[in-house]
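Visitor: I would like to learn how to read features off a model. Where do we begin?

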Amino acid sequence: MNKKKESDSLIGISKEIAPYLGMGVQLAATIVIMLFIGNWLDKKFDEKPLFTIIFAILGVITGMYNLIRTALSIGKKSNKQEK
């Protein structure tokens with residue numbers, strides 16, 4: 001019976017943190033994809049670091065925007081559930 005309570009509490013905890021698990025991966029993926037696009041454009045137009053730097057900055061900005069937006073929406077959902 002005690003193991004049942006422990007597994008139920010672990011399931012509850014994992015349901016609470018599940019939305020946050022993919023946020024870091026999404027941030028890193030956005031930055032890496034933008035870096036690859038910038039690198040490809042640099043090779044295509046024979047510009048050394050120009051597009052890579054521009055797209056890396058855009059990737060960080062876009063990734064952080066998505067991270068903050070997702071965190072705020074998850075926070076709003078959890079606040080509605082608590083009320």
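Guide: We begin with exposure. Buried means under 20% relative accessible area, exposed means over 50%, and partly exposed lies in between. Keep in mind that this is a predicted model.

Visitor: Let's apply that. How does Ile 17 count, buried, partly exposed or exposed?

Guide: Ile 17 has 42% relative accessibility, so it counts as partly exposed. Its place is in helix H1, which covers residues 2-45.

Visitor: Which residues form a nonpolar patch on the surface?

Guide: A residue needs over 30% relative accessible area to join a patch. Here the nonpolar patch consists of Ile 13, Ile 17, Tyr 20 and Leu 21. Together they have about 400 Å² of accessible area.

Visitor: Now distances. How far apart in space are Met 34 and Thr 62?

Guide: Read two numbers for each pair, one along the chain and one through space. Met 34 and Thr 62 are 28 residues apart in sequence, and their C-alpha atoms are 9.6 Å apart. For Ala 71 and Tyr 20, the separation is 51 residues along the chain and 7.7 Å between C-alpha atoms.

Visitor: Which residues line the largest cavity?

Guide: The lining is made of Met 23, Gln 26, Leu 27, Thr 30, Gly 63, Asn 66, Leu 67 and Thr 70. H1 and helix H2 (50-82) are the elements that give two or more residues to this lining. By class, there are 3 nonpolar, 5 polar and no charged residues.

Visitor: And the open kind? How much space lies in the largest pocket?

Guide: The largest pocket has about 170 Å³ of space. Lys 15, Glu 16, Pro 19, Tyr 20, Ile 74, Lys 77, Ser 78 and Gln 81 line this pocket. The lining divides into 3 nonpolar, 2 polar and 3 charged residues.

Visitor: Last, the backbone. Which residue has a positive phi although it is not a glycine?

Guide: Most residues other than glycine have a negative phi. Asp 46 has a positive phi of about 55°. Its place is in the loop between H1 and H2. Asp 46 counts as exposed because its relative accessibility is 60%.

Key:
Residues are numbered from 1 along each chain as its sequence is written. This is a predicted model: local features need pLDDT of at least 70, side-chain atom pairs count only at pLDDT 80 or more; totals for chains, interfaces and linings use all residues. Side-chain values use heavy atoms; hydrogens and water are left out. Patches are made of residues with over 30% relative accessible area and no salt bridge: like charges are joined within 9 Å, nonpolar side chains (Val, Leu, Ile, Met, Phe, Trp, Tyr) within 5 Å. Accessible areas come from the Shrake-Rupley method with a 1.4 Å probe; for residues, only the protein chains shown count as cover. A salt bridge is a side-chain nitrogen of Lys or Arg within 4 Å of a carboxyl oxygen of Asp or Glu. Helices (H or I, at least four residues) and strands (E, at least two) are DSSP runs, numbered from the N terminus. Buried means under 20% relative accessible area, exposed over 50%, partly exposed in between (1.4 Å probe, protein chains only). On a 1 Å grid over the protein atoms alone, a cavity is a set of points where a 1.4 Å probe fits but cannot get out, and a pocket is an open set with protein on both sides within 12 Å along at least five of seven lines; lining residues have an atom within 4 Å of a point. Ala, Val, Leu, Ile, Met, Phe, Trp, Tyr, Cys and Pro count as nonpolar, Asp, Glu, Lys and Arg as charged, and the others, Gly among them, as polar. Grid points are joined across faces, edges and corners, and a volume is the space filled by probe spheres set on the points.
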